[in-house]
Amino acid sequence: MSWGTELWDQFDNLEKHTQWGIDVLEKYIKFVKERTEIELSYAKQLRNLSKKYQPKKNSKEEEEYRYTSTRAFLATLNEMNDYAGQHEVISENMTSLIIGELTRYVQELKQERKSHFHDGRKAQQHIETCWKQLEASKRRFERDCKEADRAQQYFEKMDADINVTKADVEKARQQAQLRHQMAEDSKAEYSSTLQKFNSEQHDHYYTHIPNIFQKIQEMEERRIVRIGESMKTFAEVDRQVIPIIGKCLDEITKAAESVDHKNDSQMVIEAYKSGFEPPGDVDFEDFTQPMKRTVSESSLSNSRGDGKYEPKFGSKSKGKLWPFIKKNKLSLKLGAGPEDFSNLPPEQRRKKLQQKVDELNKDIQKEMDQRDALTKMKDVYIKNPQMGDAASVDHRLSELEQNIEKLRLEVQKFEGWLAEVEGRLPMRTEQARRQSGLYEAQNTSAVNSCAQDRESPDGSYTEEQSQETEMKVPATDFDDEFDDEEPLPTIGTCKALYTFEGQNEGTISVAEGEMLYVIEEDKGDGWTRIRRNEDEEGYVPTSYVEVYLDKNAKGAMTYI
């Protein structure tokens with residue numbers, strides 16, 4: 001089955017068919033190219049999707065990923081990123097193995113096809129030239145034969161005419177012989193040309209054209225094989241990434257199976273457990289009799305004798321106190337807190353302190369590693385002075401030693417607070433408070449200095465000291481806006497369930513079991529504003545106190 005023998009007369013159709021084959025190949029290349037673009041677009045969208053739902057660093061969202069369910073989701077996002085990478089691999093392999101190879105092959109195919117059909121046209125032109133030569137020889141032979149016949153007829157006519165001279169007859173005879181000779185020569189030439197043409201035609205249709213068509217057939221068959229191989233490669237490129245994609249899906253399944261609802265529930269407990277004991281029964285209070293209050297340094301009484309609270313509204317400095325307290329309450333809402341985390345419940349405070357100790361220990365280890373490396377470098381410089389000056393690292397070593405010492409002091413400070421929370425040490429002393437750096441901040445606070453300076457050694461308050469304290473507070477335009485503000489009235493009482501160290505400006509320290517006045521209830525932010533005596537007011541966590549509101553204020557309510 002050869003195109004050379006079967007399709008010897010279909011040169012033009014073969015030319016069209018081979019061109020169609022090249023068009024099909026180019027169409028397949030375009031298809032694969034669009035497929036690679038789809039793969040790249042899909043991979044990009046998957047990566048953007050994975051990035052969109054990744055937790056932001058140093059954010060509250062990142063803390064949520066400690067639960068097994070959210071960790072599984074994070075693993076899914078990471079695997080989807082790898083999954084997208086495999087689609088990029090598909091695109092790259094198809095581009096290099098199919099598009100690149102076929103593009104080069106198409107160029108070679110076009111050149112080969114052009115060469116073969118050029119040879120075919122050349123052969124056709126040659127046989128057409130031979131045919132024209134044959135036709136010319138044939139026409140010349142025919143013409144010479146006709147002229148020889150006419151010359152013979154003229155000679156016979158002249159020879160039969162008695163009136164014609166002998167010379168004319170001889171001339172006609174010679175002309176007839178000449179024409180006969182020319183006809184014979186034309187016959188011989190025609191015969192030779194015919195034999196040559198038949199030979200050329202035989203070679204054309206049985207040798208040259210079959211060889212050219214055979215090459216075209218082989219070229220076309222190679223094109224068909226090549227496009228088939230490319231289709232197989234198309235499938236293999238996909239098949240090669242299936243195991244990796246399967247691993248990605250297996251990892252997603254594994255992450256999903258690692259979700260532990262019991263563990264997540266326990267982590268919720270660890271995250272929000274305060275460490276407090278539930279409150280006991282509420283005692284019955286008989287309001288038919290005057291309320292009895294404990295007379296002590298931490299009692300609600302301002303005087304030392306009658307146990308009655310007589311608020312004074314004449315102090316101008318007290319009106320200046322509340323704007324600053326409100327501002328500090330706002331700072332508490334915004335996340336500002338004491339260094340020792342005393343604003344947190346015991347369990348949460350312990351965790352924060354432990355975390356801080358671990359971070360400081362890591363910093364110490366890092367500084368020690370740098371110190372050890374510099375020490376080794378110094379030893380090398382001492383042994384080999386040409387490598388460097390040993391004294392050049394002394395300054396850096398001194399800085400590292402100072403940093404290590406500072407960090408160790410910080411660790412000791414936080415370990416002391418941690419031990420206090422865990423019950424290994426007594427309550428903090430004034431010396432420990434000075435180490436924390438908060439004691440000085442308190443002494444410079446306008447609020448606390450106002451309360452401390454107005455208290456006399458025997459616990460009483462004098463108007464002269466109040467005026468002296470008022471002079472110590474620098475007057476500002478901001479203060480003048482609140483010169484006429486009066487203290488808030490009491491709306492109830494409260495009992496401290498736990499000891500609270502109020503380190504932030506605007507807070508107040510209370511002792512367990514202490515009774516105080518309530519002047520502003522919890523607004524939903526977790527803080528209640530209380531008053532101990534005329535000049536000691538501040539905020540405490542609502543969960544640290546048990547509140548009893550007056551009936552005529554807002555009805556009896558209890559915050560736990």
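## Helix packing

The crossing of helices α8 and α9 is left-handed. A crossing gets that label if the near helix is turned anticlockwise from the far one by less than a right angle, and the label right-handed if clockwise. This is a predicted model: local features need pLDDT of at least 70, side-chain atom pairs count only at pLDDT 80 or more, and totals for chains, interfaces and linings use all residues. Residues are numbered from 1 along each chain as its sequence is written, and side-chain values use heavy atoms, with hydrogens and water left out.

Helices (H or I, at least four residues) and strands (E, at least two) are DSSP runs, numbered from the N terminus. Two packed helices are described by the angle between their axes and the distance between the axes. Axes are lines fitted to C-alpha atoms, for helices over the stretch in contact, and angles run from 0 to 180 degrees between N-to-C directions. Angles under 35 degrees count as roughly parallel, over 145 as roughly antiparallel, 65 to 115 as roughly perpendicular and the rest as oblique.

| Helix pair | Angle between axes | Distance between axes |
|---|---|---|
| α2 and α5 | about 15° | 11 Å |
| α4 and α5 | about 175° | 7 Å |
| α8 and α9 | roughly 160° | within 9 Å |

Take α8 and α9. Helix α8 covers residues 346–383, and helix α9 covers residues 394–422. The two are therefore roughly antiparallel to each other. Their contact has 16 nonpolar, five polar and 15 charged residues. Ala, Val, Leu, Ile, Met, Phe, Trp, Tyr, Cys and Pro count as nonpolar, Asp, Glu, Lys and Arg as charged, and the others, Gly among them, as polar.

Next come α4 and α5. The angle of about 175° makes α4 roughly antiparallel to α5. The contact of α4 with α5 has 46 nonpolar, 19 polar and 23 charged residues.

How do α2 and α5 run, parallel or antiparallel? They are roughly parallel to each other. Helix α2 spans residues 11–52, while helix α5 spans residues 166–257. Their crossing is left-handed. The contact of α2 with α5 divides into 15 nonpolar, four polar and four charged residues.

## Aromatic rings

How many aromatic pairs does a search of the whole structure find? It finds 12. Rings of Phe, Tyr and Trp (its six-membered ring) pair if their centres lie within 6.5 Å; planes under 30 degrees apart count as stacked, over 60 as edge-to-face and the rest as tilted.

F11 and F213 form a stacked pair, because their ring centres are 6.0 Å apart and their planes lie at 25°. The pair links distant parts of the chain. F11 belongs to helix α2 and F213 to helix α5, 202 residues apart. Both F11 and F213 are buried. Buried means under 20% relative accessible area, exposed over 50%, and partly exposed in between (1.4 Å probe, protein chains only).

Y53 and F73 pair edge-to-face, at 6.4 Å centre to centre and 75° between the planes. Y53 sits in the loop between α2 and α3, and F73 in helix α4, 20 residues apart. Y53 counts as partly exposed, at 39% relative accessibility. F73 also counts as partly exposed, at 36%.

Y498, F500, W527 and Y544 form one aromatic cluster. A charge meets a ring as well: R226 lies over the face of Y105, at 4.6 Å from the ring centre. A charge sits over a ring if NZ of Lys or CZ of Arg is within 6 Å of the ring centre and within 35 degrees of the ring normal.

## Single residues

R71 belongs to helix α4. R71 is partly exposed, at 40% relative accessibility. R71 and A255 are 184 residues apart in sequence, but 7.8 Å apart in space, C-alpha to C-alpha.

V357 is part of helix α8. V357 is buried, with a relative accessible area of 4%. The C-alpha atoms of V357 and L407 are separated by 9.9 Å.

D522 lies in the loop between β2 and β3. D522 is buried, at 17% relative accessible area.
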